Amino acid sequence: PCKVHLDYRDEWTECPFEFAHATSLARMIEKLCIKHADSVTVTTKSQFEHFQATFGRSLNVYIKQNGCDDYLPPPHKDRQHSDRICLSHSGSIGGHNSVVGLINLLNSLVPFLQAQEKQFELNFCGVVDVYQTLLLHEEKNLTISIKGQLTPAQAFEDSCNADINLLLIDNRFERYLP
């Protein structure tokens, strides 16, 4: 007599990242879970559309947004006279993304910033894997802060007060970040 709800925010066999392995047993169990669940939630419209196309189910499937959709923006800090351009990234770094291209791009811009007497301040909110942390610590031309795992509200505030927010993603993320 229990109701079963499937929270499908983190896809199972349909996950496009290398840490997920879709075995035939996992696919079979997943299909049974989807078939027998009384309700299902996903986090974006594009994920809902993919779920519906893949599993042929739309009845009692709901979108429950995930993240900072309901936060009120905090007051912005006055950055008009700052000599730093603050860039912020919230989320995990490593495995599914890398800082290498970003660091190369920012280093190529350093001479232009120095001519304007400005510099980059780069903040990472979230878990950064060991290899990516080593790359960031070796960087000498940029001011880098690894803040670690923050509460959603703290990460949202950091993002709101940055000059530029970064998403280190590729097309595998299209279902997750509309």
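Biologist: What pattern does the protein chain follow, read along the sequence?

Modeller: The pattern is β-α-β-α-β-β-α-β-α-β-α-β. That gives five helices and seven strands. Helices (H or I, at least four residues) and strands (E, at least two) are DSSP runs, numbered from the N terminus. This is a predicted model: local features need pLDDT of at least 70, side-chain atom pairs count only at pLDDT 80 or more, and totals for chains, interfaces and linings use all residues. Residues are numbered from 1 along each chain as its sequence is written, and side-chain values use heavy atoms, without hydrogens and water.

Biologist: Why is threonine 41 called buried?

Modeller: Buried means under 20% relative accessible area, exposed over 50%, partly exposed in between (1.4 Å probe, protein chains only). Threonine 41 has 11% relative accessibility, so this residue counts as buried. Threonine 41 is found in strand 2, residues 39–42.

Biologist: Which residues is threonine 41 in contact with, leaving aside its neighbours within four places in sequence?

Modeller: They are His5, Leu6, Asp7, Tyr8, Arg9, Tyr62 and Lys64. Contact means heavy atoms within 4.5 Å.

Biologist: What makes isoleucine 29 partly exposed?

Modeller: Its relative accessible area is 34%. That value lies between the 20% and 50% cut-offs, so the residue is called partly exposed. Isoleucine 29 lies in helix 1, residues 24–36.

Biologist: How many of the 178 residues in the protein chain are buried, as a percentage?

Modeller: Buried residues make up 34% of them.

Biologist: Among contacts between residues at least 6 apart in sequence, what percentage join residues at least 24 apart?

Modeller: In the protein chain, 65% do.
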